[in-house]
Amino acid sequence: MKGVNLKQLEALVAVVEYNGFTEAASHLYITQSTISSHIKALEDTLGVELLSRGSRKNVTLTEAGKKAYLYANEIIGKCVALEEDLSED
């Protein structure tokens, strides 16, 4: 089983928050093709389409994508909180 990984979730959140693959890639300091690969792998793992790709400038979440985005935000937030909590010692 491949499984979902944090890089895939970060890519999804970035695509949504920066409204596109290119802007997400720039923010995460990776290539646009890497963002695309992460999203495709996440979709393959989950067995659903997460994004409706009307054009590169217009990316919208599917219903499954909305759920995945909420989970991704929560997971990333918990990772940040973990780092902050343990680095305070």
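Is K40 buried, exposed or partly exposed? At 47% relative accessibility, K40 counts as partly exposed, where buried means under 20% relative accessible area, exposed over 50% and partly exposed in between (1.4 Å probe, protein chains only).

The views show a predicted model, in which local features need pLDDT of at least 70 and side-chain atom pairs count only at pLDDT 80 or more, whereas totals for chains, interfaces and linings use all residues. Residues are numbered from 1 along each chain as its sequence is written, and side-chain values use heavy atoms, with hydrogens and water left out.

**View 1. The salt bridge of K40 and D44 in helix α3.** The side chains of K40 and D44 meet in a salt bridge at 2.8 Å, N to O, a salt bridge being a side-chain nitrogen of Lys or Arg within 4 Å of a carboxyl oxygen of Asp or Glu. Because they are four residues apart in helix α3, D44 and K40 are separated by about one helical turn; helices (H or I, at least four residues) and strands (E, at least two) are DSSP runs, numbered from the N terminus. D44 is partly exposed, with a relative accessible area of 43%.

View 2. A search of the whole structure finds three salt bridges. In helix α1, K7 and E10 lie three residues apart, about one turn of the helix, and their closest N and O atoms are 3.9 Å apart. K7 is exposed at 53% relative accessible area, whereas E10 is partly exposed at 24%. In helix α4, K66 and E63 are likewise three residues apart, with their closest N and O atoms 3.1 Å apart.

**View 3. The largest nonpolar core.** This core has 19 residues, and those with the most contacts inside it include L12, F21 and I39; a nonpolar core is a set of buried Ala, Val, Leu, Ile, Met, Phe, Trp, Tyr and Cys residues joined through side-chain atoms within 4.5 Å. Helices α1 (6-17), α2 (21-28), α3 (32-46) and α4 (63-87) each supply at least two residues of the core, and the largest share, six residues, comes from α1. Not counting residues up to four places away in sequence, I39 touches A11, L12, V15, F21, L51 and R53, contact meaning heavy atoms within 4.5 Å.

**View 4. The buried residues of α4.** G65, A68, Y69, A72 and I76 are the buried residues of α4, and what covers them includes α1 and β2 (58-61).
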